[in-house]
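Subject: Structure for you to look at

Hello,

Here is the structure I said I would pass on. Please open it first, then read the notes below it.

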Amino acid sequence: MRRPSWTTVTPLLAAVALAVAWPLHPDSAPVLGVLSILLVGVVLAAVHHAEVVAHRVGEPYGSLVLAVAVTIIEVGLIVTLMVTTDKDTAGLARDTVFAAVMITLNGIVGISLLVGALKHHLAVFNPEGTGAALATVIALAVLCLVVPSVTTSQPGPEFTGAQLAFAAIASLALYGMFVFTQAIRHRDFFLPVTQDAHSPLVTSQAAADAATARAAADAGSFEHEPVDHDQDGHADPPTDRAALTSLGLLVVSLVAVVGLAKIESPAIESGVAALGFPPAVVGVVIALLVLAPETIAAVRAATLNRVQVSLNLALGSAMASIGLTIPAIAIASIWLDGPLELGLNQLQVVLLTLTAAVAILTVVPGRAKPLQGGVHLVLLAAFLFLTIAP
C-alpha cells in the first residue's frame, strides 16, 4: 500500500479545517497562519487534480477543465473578498485580472524564455500560434480593462449595464474562438517546436502529445510516478478510477478554497493595510496565488526545451483570467452591492501598452535570446514596484 500523496491529503485536511473554523470565526494569528498554509496548499492541489482530469479527457475539453477550475478559484477569491469586507472593493476584480495579465505576459513568459534560452542557447517557439494567442489576450485586455476608462455613458472607470454585458459576451466569444483554433482547427500552430540545422522550425503531433503528458508529470499531475505501458515515449493518461478520484478531490478543493478565503479575507486586507500598501496589492496577492502552479509547470517545460508549452500555459492563463473571469464577475455583480470599476488608470495603461509592444517584438521572430526574457522580467519588477509605490 502506497501512502496517500499530499494532493490527496491536503484537500481533505482543508475541508476538515473549514468545517471546524467556519462557525468559530477565528481571529488569532497562529490559527489564521495554519489556515493560510492550507489555503495555499489546496489551491495547488486543485490545479493538480484539474490537470489529471484534463489529461484524461483530452483536448479540447482538457483545456476547458483546467481553465474553468482556475477561474472558479480566482472568481471565488474575488467575490469572497468583495462580500466579506467593509472596505472599498470596487476595483478588486480589475486589480486581480490586470495583475494576472502582467504576471503571465511578463513573469511566466519572461522566466520561461530566460530559462529556455540559457539552457538551450535559444528559446524556440511557433510565432503563428503564439502570435494568435497574444493578439487575443491584448484584445481582451483592451476591451475589458482600457475601454471602461474612456467610455462616457457612465462616470468613472465603469461600464454601464449594457456595456458590461457586451464586454462579457465578447470575452466569451473570443475565448471560445481561440479554444476552437488551438484545440481543433489549427492545433499544429501550438505544437512544441524543435530546431536543427536542416529545418529551423519543426512541429510534430508526437511531440505535442509527449509535451502534454510530460508537462503534467513535471508539474506533479499524477498521484504516483507516470507509467508508459505502451512504450510510446511519454506518460499514459490516468485511469478512469484515478480521473474520477481527482474529479471528486477537485470539487472538495474548490469548496475549501472559497471557504478558507472567506475566513482569511479580513486578515489579508488587514495585513496589506498594516504594511501601508495600496488596496491593489490584494489583487496581486490573489493573482500570484492562483498562477503559482502554472508558473512552476511553465518553467519546468522550458528547462526541457518545450518553450511552446510554456507560452501556451502563460497566454492561456492570461486569456482565461480575462475571458472567463470578467463574464463571471459581470454575472456576480447582479447580486453584489456597490460599483464595479474595471477601467485601468493612466499608469496601468502605460504598463499594459509597454508590455504589449515588447511581447509583440518578442513573438514575431519565433525565437528568443536570454535578453528578451530579462526584459519581460524587468517589466514585471516595474509593475510590482509601482503597484506598491504608485
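This is a predicted model: local features need pLDDT of at least 70, side-chain atom pairs count only at pLDDT 80 or more; totals for chains, interfaces and linings use all residues.

**The aromatic pairs**

Phe190 has a ring partner. The rings of Phe178 and Phe190 have centres 5.5 Å apart and planes at 85 degrees; planes over 60 degrees apart count as edge-to-face, so this pair is edge-to-face. Phe178 belongs to helix 6 (residues 161-185), while Phe190 sits in the loop between helix 6 and strand 2 (193-194), and the two are twelve residues apart. Phe178 is buried too, since its relative accessible area is 8%.

How many aromatic pairs does a search of the whole structure find? It finds two. In the other, the ring centres of Phe98 and Phe383 lie 5.5 Å apart with the planes at 85 degrees, so that pair is edge-to-face. Phe98 is part of helix 4 (residues 92-120) and Phe383 is part of helix 13 (residues 370-388), so the pair ties together parts that are 285 residues apart in sequence. Phe98 counts as buried because its relative accessibility is 2%. Phe383 has a relative accessible area of 3%, so Phe383 is buried.

**The protein as a whole**

The protein has 13 helices and four strands. Of its 390 residues, 50% are buried. Take the contacts between residues at least 6 apart in sequence: 79% of them join residues at least 24 apart.

**Helix 10 and its two partners**

Two packed helices are described by the angle between their axes and the distance between the axes. Helix 10 (residues 307-323) packs with helix 5 (residues 127-146) at about 20 degrees, and their axes are 9 Å apart. An angle under 35 degrees counts as roughly parallel, so helix 5 and helix 10 are roughly parallel to each other. Their crossing is left-handed. On the helix 5 side the contact includes Thr130, Ala133, Leu134 and Val137, and on the helix 10 side it includes Gln308, Leu311, Leu315 and Ala318. The residues of this contact comprise eleven nonpolar, four polar and no charged.

Helix 9 (residues 280-303) packs with helix 10 at an angle of about 160 degrees, with the axes 7 Å apart. Over 145 degrees counts as roughly antiparallel, so that is the description for helix 9 and helix 10. Helix 9 also passes helix 10 in a left-handed crossing. Leu291, Glu294, Ala297, Ala298, Ala301 and Ala302 of helix 9 meet Val307, Val309, Ser310, Leu313 and Ser317 of helix 10. Here the residues divide into eight nonpolar, two polar and one charged.

Is helix 11 (residues 325-332) largely enclosed or largely open? Six of its eight residues are buried, so helix 11 is largely enclosed by the rest of the structure. The buried ones are Thr325, Ile326, Pro327, Ile329, Ala330 and Ala332.

The last item is Thr355, in helix 12 (residues 346-363). Its relative accessibility is 0%, so Thr355 counts as buried. Which residues does Thr355 contact, leaving aside neighbours within four places in sequence? They are Met102, Leu105, Asn106 and Leu379.

Regards

How values were computed:
Residues are numbered from 1 along each chain as its sequence is written. Side-chain values use heavy atoms; hydrogens and water are left out. Axes are lines fitted to C-alpha atoms, for helices over the stretch in contact, and angles run from 0 to 180 degrees between N-to-C directions. Angles under 35 degrees count as roughly parallel, over 145 as roughly antiparallel, 65 to 115 as roughly perpendicular and the rest as oblique. A crossing is left-handed if the near helix is turned anticlockwise from the far one by less than a right angle, and right-handed if clockwise. Contact means heavy atoms within 4.5 Å. Ala, Val, Leu, Ile, Met, Phe, Trp, Tyr, Cys and Pro count as nonpolar, Asp, Glu, Lys and Arg as charged, and the others, Gly among them, as polar. Rings of Phe, Tyr and Trp (its six-membered ring) pair if their centres lie within 6.5 Å; planes under 30 degrees apart count as stacked, over 60 as edge-to-face and the rest as tilted. Buried means under 20% relative accessible area, exposed over 50%, partly exposed in between (1.4 Å probe, protein chains only).
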